[in-house]
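Please read them beside the sequence and the coordinates.

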Amino acid sequence: MKKIFILFCVMCYLASAKSQISIDTTNYQRAEQFIASNITQKYYRSWVNPQWVKSASYFWYSVKTKRGTEYVKCHLKNGSQTPLFNQEELAKQLSKETGKTIKAYELPISNLEVTDKGKTLRFQLKNKWYAYRLDANTLNTFAKDTAPELSLPSPDKTKTAVVHNYNIWIKSGNDSVQITNDGNRAYGYGASPSWYSTKNIEKEADHPLELNLSWSPDSKYLIAGKFDRRNARNLYLYKILPDEGHRAEVHEYERPIAGDTLVPTIEFILIDVEKDNYQMLDIPAKAPFLAYAFNWTKDGAKAFQTSFNRGYQSAEVYEVTAATGMVRKLFTEQANTYVDPNTSDLKILNNTKELLWLSERDGWQHIYRINQQTGEVVNQVTQGQYVVRGIEHIDEKAQRIYFTAGGKEPGIDPYLPLLYSINFDGKGLKRLTSEPAHHTVFFSPDGNYFIDNYSTVQEPNVAVLRRSKDGRVISQLEKGDISEIIAMGWQKPEPFKVKGRDGQTDIYGVLFKPNNFDPNKQYPVIEGTYSGPHTIRTPKTFYRGLANDDLPMTQLGFVLVNIDGMGSAFRSKAFHDVSYKNLGDIGGPDKMIAIQTLAKKYAWIDADRVGIFGHSAGGYDAARALLAYPEFYKVGVATAGNHDHRSAKAWWPELYMGYPAGENYDEQSNYTHAKNLQGQLLLVHGDQDQNVNPTASMRLAAELIKANKDFELLLIPNKDHSEVYYDNYLIRKRWDFFVRHLHGIQPPKNYQINKQ
């Protein structure tokens with residue numbers, strides 16, 4: 001018995017030892033190879049973005065291959081491909097021109113255009129513009145006309161609308177006519193500070209303006225926004241490391257945040273270009289993020305605009321008659337929760353004097369045909385328990401709509417958009433792409449052909465040229481080459497499906513494993529999260545499955561999961577509405593079930609060691625998971641988190657949380673739940689984050705201190721919302737944090753990450 005007991009103990013020890021994971025510099029070096037900017041360099045022939053040549057029977061595209069960038073010409077009729085130009089010859093010409101050796105497949109050119117009926121290439125190299133004549137093999141510089149910074153040419157190219165000092169001029173040749181003269185910085189025409197890039201409202205160079213101008217197709221009329229910023233409220237950034245000297249700088253920038261009662265607004269004017277005058281349009285002043293762009297009829301007689309109301313429970317579609325400036329409300333869309341501007345869309349049918357409108361009014365996202373005169377529904381074009389993802393092309397002559405949709409085909413992941421066509425009257429539905437994959441399509445200008453890029457998270461992209469009328473493949477253009485990625489030991493991500501919190505609804509996700517995966521070991525789980533309801537986190541394309549923050553961490557001995565729980569996008573209205581005034585749910589009940597289900601299926605998943613990380617709304621999620629579900633989530637890294645939805649920009653927090661800001665904002669705030677922290681939490685923010693102000697993380701830190709909770713805080717100097725996300729130091733600290741607290745191992749000290 002003693003021998004048996006000793007043998008049993010030895011076997012237990014060996015089993016235990018076998019399940020242990022060791023982490024050292026070698027793991028970090030391997031993880032570094034899988035960082036998105038590094039591994040995507042090994043993904044060749046991955047995508048076709050067609051560039052259509054005016055009045056030509058071909059298109060061209062550039063593609064990254066193992067020898068560099070190649071430029072390809074493709075004929076529409078049969079899909080035959082030839083080089084767009086002789087790259088060796090152009091390289092010789094450019095080498096001679098610049099006095100530097102330029103390689104044929106590393107051409108340092110940009111803004112490439114094919115002109116002169118395909119005989120000439122025009123492109124930019126640094127600060128010069130060149131014309132390369134293909135038949136003569138000649139290269140010449142030319143001066144490209146430079147338009148004023150804030151300007152928009154008319155469709156017929158005879159006039160240009162120019163915004164200067166917050167007023168509008170119409171320039172024609174050498175003549176200019178000033179249309180408005182009372183505009184100023186606080187109440188001006190045609191332009192406003194950029195929503196995202198504003199850094200310092202006191203320095204013009206630091207807050208670039210964005211145009212708000214819309215020409216009629218006949219170039220006779222112009223609609224311009226008039227921005228009232230007299231009630232604008234500002235936020236502040238404390239620049240710890242100034243450009244010079246030792247005094248930190250305070251930057252002030254304009255940003256309405258969720259729940260603000262006073263916000264900038266926009267009104268609209270209609271300019272009659274031929275008469276050099278304008279009139280105010282009778283459209284109620286709205287916050288700029290509620291007022292959408294104008295769609296013009298082909299003849300320029302009318303323009304239509306979608307305008308949302310604060311809280312997003314209703315939206316109006318307005319019609320503007322250009323000749324008179326008359327405005328009428330055509331119809332109103334309403335919902336008990338919200339009318340989602342991320343999915344609503346308006347298209348004009350010129351021949352039939354109708355509109356196409358995307359709406360969730362029957363519980364699913366579908367296309368409706370609207371009478372332009374009455375605003376009444378002519379018919380519901382698509383219907384069923386599936387989601388129309390977008391209208392891709394309209395053939396008015398044949399009265400046929402081409403659209404992408406997910407969830408229509410049984411057995412296919414509902415998040416994968418396929419292409420269909422249907423008649424205006426809702427008859428004749430036809431599926432045009434058969435592959436169960438994520439399809440991204442580009443239609444030719446005449447609509448007779450389309451380029452289809454399709455892939456899954458497991459299979460690289462295939463790009464094909466198809467015929468529109470039946471979806472028939474004319475030719476395969478490219479197929480992703482991942483041979484070097486496979487040679488790295490890359491493991492295919494594993495899509496999965498489980499039942500959600502109600503025991504009935506399908507929840508989808510993806511699981512990532514390390515390249516040296518050993519089923520006899522046990523791996524902690526880390527969830528990558530972003531539950532902002534306007535999108536999903538789980539990758540559905542090969543590129544997204546490759547270019548993420550999850551894959552590198554698998555090389556550190558973790559299993560990574562992405563899960564889209566109830567409340568996220570691209571499913572039914574009821575599924576989406578779970579998050580309404582309930583963002584603190586973060587889909588957690590579904591995600592925890594999914595991880596537990598996977599752990600029951602796979603013995604190598606350790607559901608007792610679960611971590612979570614995310615950025616922005618995902619940063620909110622990561623902290624929220626530890627505060628709302630502390631028994632399950634043990635370790636979290638939250639970067640740039642909007643930890644109270646009143647700390648973020650007004651538009652999407654108000655869309656999903658409602659307006660005015662009620663008690664639900666307090667209920668969903670991480671600040672008010674700081675006392676619940678049990679696990680290990682790292683908060684990270686860039687001190688120049690203009691999207692989610694650093695106060696969001698600092699206030700959560702203050703509440704955690706108040707509750708006497710242990711946590712870590714990292715403030716990275718001179719990094720904004722995007723820059724901090726890609727910061728090497730942050731990436732390494734995130735790796736270290738999970739290695740230390742989920743593996744119980746001290747990570748390599750001061751490891752230096754290198755990215756391409």
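1. The side chain of Arg571 reaches the backbone oxygen of Asp506 at 2.9 Å in this predicted model. Arg571 sits in the loop between strand S41 (559–564) and helix H8 (573–576), helices (H or I, at least four residues) and strands (E, at least two) being DSSP runs numbered from the N terminus.

2. Arg571 is buried and yet has no salt bridge, the nearest side chain of opposite charge, Asp506, being 5.7 Å away. Buried here means under 20% relative accessible area (1.4 Å probe, protein chains only), and a salt bridge needs a side-chain nitrogen of Lys or Arg within 4 Å of a carboxyl oxygen of Asp or Glu.

3. Helix H10 (residues 617–628) is largely enclosed by the rest of the structure, because 11 of its 12 residues are buried. What covers these buried residues includes strand S42 (605–615), strand S43 (635–639) and helix H13 (695–706).

4. In the largest nonpolar core, which has 85 residues, Tyr633, Trp735 and Phe738 touch the most other members; such a core is a set of buried Ala, Val, Leu, Ile, Met, Phe, Trp, Tyr and Cys residues joined through side-chain atoms within 4.5 Å. Helix H15 (residues 728–743) gives the largest share of this core, seven residues. Apart from it lies another core, of 22 residues, among them Leu84 and Tyr105.

5. Residues are numbered from 1 along each chain as its sequence is written. Local features need pLDDT of at least 70 and side-chain atom pairs count only at pLDDT 80 or more, while totals for chains, interfaces and linings use all residues, and side-chain values use heavy atoms, with hydrogens and water left out.

Technical notes:
Buried means under 20% relative accessible area, exposed over 50%, partly exposed in between (1.4 Å probe, protein chains only). Lys and Arg count as positive and Asp and Glu as negative; His and the chain ends are not counted. A polar contact is a pair of N or O atoms within 3.5 Å; within protein, one must be able to donate a hydrogen and the other to accept it, and residues adjacent in sequence count only if both atoms are side-chain atoms. The expected span of a helix is 1.5 Å times one less than its number of residues. Contact means heavy atoms within 4.5 Å.
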